[in-house]
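Thanks for coming. Please have a look at the sequence and the structure first.

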Amino acid sequence: MVTPMGSERVEMRKRQMQVHQEAAASVLQTQHGMGNTPTNASNACCFCWCCCCSCSCLTVRAEDERIKKNTYERRAEEIENCDDSPKPILEDAMTWTMSFERLMKSSAGRGCFRQFLRTEFSEENMMFWLACEELKKETNKTVVEEKVRQIYKDFISILSPKEVSLDSRVRDVINKNMLEPTSHTFEDAQQQIYTLMQRDSYPRYMNSTAYAELLQDLAEQPPATEP
């Protein structure tokens with residue numbers, strides 16, 4: 001069943017396409033009459049070969065990208081959502097200063113660190129690392145291939161809004177590994193992102209107000225009573 005808003009959108013797109021078809025036909029007819037067929041016509045997007053107007057096909061494409069992005073965001077939340085991570089205890093949180101490895105081995109630590117990365121607009125680094133960890137646990141070949149394809153699309157592709165920063169050497173390794181996907185396809189990339197977080201984001205988190213306030217809040221909580 002088409003909703004009134006959906007019906008209006010369909011009619012609007014039909015009118016836009018009709019207008020641009022007529023405009024393009026008029027231009028092409030004029031150019032043909034002058035013996036000057038546009039050389040870029042073969043590269044035209046839909047009916048508007050000049051690409052200088054707000055073509056309806058671009059509107060449709062933008063809508064498709066919006067839907068893809070929303071789908072991606074829902075799927076991303078399934079990767080150990082930091083909001084669903086266990087709450088840390090003071091003794092555990094205090095050990096995170098010892099090493100980045102100690103932090104990453106703690107589920108609560110990963111959750112708190114991921115929240116910090118979100119404020120720095122680099123949450124995709126943790127999401128990619130977690131996705132690679134899940135991939136390593138998979139043994140079914142078909143599932144592995146599907147997960148590899150999805151991880152590449154979500155975090156490696158230059159078209160992804162969550163693309164992670166990798167050097168050309170690692171990207172070349174990934175491209176070769178994609179010919180025969182395995183649970184270790186992104187091993188080099190995962191290590192590079194791990195090192196990036198360790199050297200860049202981890203020191204800032206340890207010195208951040210967020211971490212200091214977390215320790216203070218945990219210290220002020222009354223001790224848990226045994227049932």
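Which residue with a positive phi follows α5? It is phenylalanine 121, with phi near 60°.

Some ground rules before going on. This is a predicted model, where local features need pLDDT of at least 70 and side-chain atom pairs count only at pLDDT 80 or more, while totals for chains, interfaces and linings use all residues. Residues are numbered from 1 along each chain as its sequence is written, and side-chain values use heavy atoms, with hydrogens and water left out.

Now the overall picture. The chain has ten helices and zero strands; here helices are DSSP runs of H or I with at least four residues, strands are runs of E with at least two, and both are numbered from the N terminus. Of the 227 residues, 33% count as buried. Buried means under 20% relative accessible area, exposed means over 50%, and partly exposed lies in between, using a 1.4 Å probe and protein chains only. The chain exposes about 14,800 Å², and carbon and sulfur atoms supply 54% of that; the areas come from the Shrake-Rupley method with a 1.4 Å probe, and for residues only the protein chains shown count as cover. For contacts, meaning heavy atoms within 4.5 Å, between residues at least 6 apart in sequence, 60% join residues at least 24 apart.

Back to α5, residues 107-119. Its 13 residues should span 18 Å at 1.5 Å a residue, and the end C-alpha atoms are 19 Å apart, which agrees. The expected span is 1.5 Å times one less than the number of residues. Buried residues of α5 include Arg110, Cys112, Phe113, Arg114, Phe116 and Leu117. Glutamine 115, also in α5, is partly exposed, with a relative accessible area of 36%. Its C-alpha lies 9.9 Å from that of methionine 126, eleven residues apart along the chain.

What does α5 pack against at about 95°? That is α9, with the axes 10 Å apart, which makes the two helices roughly perpendicular. Axes are lines fitted to C-alpha atoms, for helices over the stretch in contact, and angles run from 0 to 180 degrees between N-to-C directions. Under 35 degrees counts as roughly parallel, over 145 as roughly antiparallel, 65 to 115 as roughly perpendicular, and the rest as oblique. On the α5 side, Cys112, Phe113, Phe116 and Leu117 meet residues of α9, among them Met197 and Tyr205.

Next, α6. It has 15 residues and reaches 22 Å from first C-alpha to last, close to the 21 Å expected. Eleven of the 15 are buried, including Glu123, Glu124 and Asn125. The axes of α6 and α7 come within 11 Å and cross at roughly 170°, so these two are roughly antiparallel. Phe128 and Leu135 are among the α6 residues in that packing, and Val148 and Ile151 are among those from α7.

Last, the largest nonpolar core, which has 38 residues. A nonpolar core is a set of buried Ala, Val, Leu, Ile, Met, Phe, Trp, Tyr and Cys residues joined through side-chain atoms within 4.5 Å. Those with the most contacts inside this core are Trp96, Phe113, Phe128, Phe186, Met197 and Tyr205. Helices α4 to α10 each supply at least two residues, and α6 gives the most, with eight. Leaving aside neighbours within four places in sequence, phenylalanine 186 touches residues including Phe128, Cys132, Val148 and Ile174.
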